[in-house]
Amino acid sequence: MKKLIVYRIIKVILVVIIGIWLFDRLSGTKVSKTSFTKMQSIMVKHVNTKQTKVGNKQIIRRLYGLDPSNYEGIMLYYPSSTMSANELLVVKLKSVKDEQSVVDLIKARRQSQKNAFKGYGAAQTKLLNDSLIEVRGNYILYVVDENASSIRDAFVKAL
Amino acid sequence: MSFSTLSFIFAFLPMSLLLYLIVPKVLKKFILILISLIFYAWGDISNLLYLVIASLFIYMTGLELDVCFKEQKQKEKRIIFFGSVALIIGMLAFFKYAGFMSMPIGVSFFTFSLISYLADVYMKKAEVEHNIINYLLYVTYFPKLISGPIVQYHTFRKSLDSMQMTKIKFAHGCQQFILGLVKKVLIADVISKAFSSMSSIHSMSVLGSWLMVIFYALQLYFDFSGYSDMAIGLSYMFGMPMEDNFNEPYASQSISDFWRRWHISLGHFFRDYVYIPLGGNRCSTMRQIFNLTVVWLLTGIWHGNTICFLVWGLYHGFFIILEKFVYGKGLKKLHVFWRVIYTDFLVFIGWIFFFSPSIHKALDTIAHLFGHGVNGFTDTAFFYYFTSYFIVLLFAVLLCIPKIRELYRKSTYGDSVVTTYLSGLLYLGAFVLCLAYIVSSTYSSFLYFKF
């Protein structure tokens, strides 16, 4: 009987730990109600149009392996020339459980760009190293730009 | 971390194998748990805590059940078992369906491992594990942790005592790992580009629609069976044999046969922990139909919370019930070719529910297959994709035919030393080719990671 009581006390402690962990995870995931159209109109103002051009659904699939139909909204500005590394991607998720898979694909894209510029594109490599991936609830931002931090600020403000 | 990345193949795997090899025998299991936790944390450190805490919770439940067995507390035992299973299934449902947070990687497979342990103890298929190292190794063992195969506890426990690295097991493991890599990198990832591209075309022909569905069927098979082969291969490398998870499913001769060859470990899980405890087939016809419906409903729900997965599960259940009670005997009288055609036709139609975002879109795609709402029988898109992907399509289809694989096995592993060396060279060449593909392409995740 003593053993049972000890086991149960341990189980209660474990359940409490899971509860605290869940609370912590959920409090960090605040879903934004900003519409994707509004977000898009704000982010477009910060796009470096000299170094990037708009990416359509096919380009998004090719460069990131993301299927646009799986997301509530997605916008991409990708390098306008092979010598440019600037990029801006904003994804509005349908469900936050897709967050990890999208971030993985963004990281893979970043790595593939780093490999492409390795050895000769020092400036582009620096930009890629300084690039930002920002996950805020149901929105994800990936930005490769000289003004990456100010673009992130605009993104966070728009949420 | 994914098995098909350079960091896994050239850093994580060799370092893990080396570490496991050089540590004293008494530390081997502990090291393997550590390796497994690092493997998990590499991909999803934020959810590692849940993995550890949930594992400990079920371990304590096992000990609780042990006390109840000894003190013959039948009612309490039942409450503890069902209460704990309900709790971890509740957590799984919360992660999968509530959508409040990102789902911990591999949570479905990991939860099934926990249920298997508890159910095996409850049903007395295995003893309660007092050694926490053995228990944690079963739960966290990295080859199966993220995406299966779902190894049942009693099977794992039996193999654990004889777990030992040997040259033969290592060679077999390498071979199976490379085979999985070929399936994933050279076939599934290539076909996925064709499927992804075709599925964004608005107007399709009949042949184009069929080609798209075939592309998906092949992609899913080579992606998931490729992953399973890699997982089994890795396990062999560490000296732990694992049963196959796929057995040429597109050569099945009925839907029931298909489910004995596709995701075998999931089928066994539902058979052993749901179907048989419900009464299996040792009961009335109506009860059997009910049992089968429950199993297929759960299979559908396990894959996702959309109505499409539910329909997909029940669709398979429906044909299994028909085969069992209505036309199974008649089906057996048909020539084997027609039985395979019958099975693949139904399975491929079923995959449409699997990949479609809504029932409406799934029904539209099915209608396209039969000429409704399409722009003709054939079009330039069909010819473009068919000719562009002809080689990989042919290679994939050939790999699905049992006789071709049998022929390959005989020709490469005959008694001759020459063929054995040639086979080794073939695997080495395939490995190098896979690496070239991995280096030159963007990382592509495994389809079953999302489940």
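How many residues of chain A are in contact with how many residues of chain B? I counted a contact where two C-beta atoms, placed from the backbone, lie within 7 Å, and found 28 residues of chain A against 24 residues of chain B.

Before going on, I noted that this is a predicted model, in which local features need pLDDT of at least 70, side-chain atom pairs count only at pLDDT 80 or more, and totals for chains, interfaces and linings use all residues. Residues are numbered from 1 along each chain as its sequence is written, while chains are lettered from A and ligands numbered from 1 in the order in which they are written.

I looked up the elements that give two or more residues to the side of chain A that touches chain B, and they are α1 (2-27), α3 (57-64) and α4 (99-117) of chain A, where helices are DSSP runs (H or I, at least four residues) numbered from the N terminus. The largest share, eleven residues, comes from α1(A). By class, I read ten nonpolar, eight polar and ten charged residues on this side, with Ala, Val, Leu, Ile, Met, Phe, Trp, Tyr, Cys and Pro taken as nonpolar, Asp, Glu, Lys and Arg as charged, and the others, Gly among them, as polar.

**Domains of chain B.** The domain assignment, which is automatic or from a database, gives domain 1 (6-163) and domain 2 (168-440). I found their centres, taken over C-alpha atoms, separated by 27 Å, and 21 residues of domain 1 of chain B in contact with 22 residues of domain 2 of chain B. On the domain 1 side α5(B) gives the most, with five residues, and the classes there are 13 nonpolar, six polar and two charged.

**A helix pair in chain B.** I then took helix α13 (residues 285-303) and helix α14 (residues 307-333) of chain B, whose axes come within 7 Å and cross at roughly 150°; axes here are lines fitted to C-alpha atoms over the stretch in contact, and angles run from 0 to 180 degrees between N-to-C directions. That makes α13(B) roughly antiparallel to α14(B), a term used for angles over 145 degrees.

**Positive phi.** B:Gln72, which is not a glycine, has a positive phi of about 55° and sits in the loop between α3 (48-70) and α4 (74-98) of chain B. I recorded B:Gln72 as exposed because it has 8 C-beta neighbours inside 10 Å, the cut-off for exposed being 12 or fewer other C-beta atoms within 10 Å, with 20 or more for buried and partly exposed in between.

How values were computed: Parallel < 35°, antiparallel > 145°, perpendicular 65-115°, else oblique.
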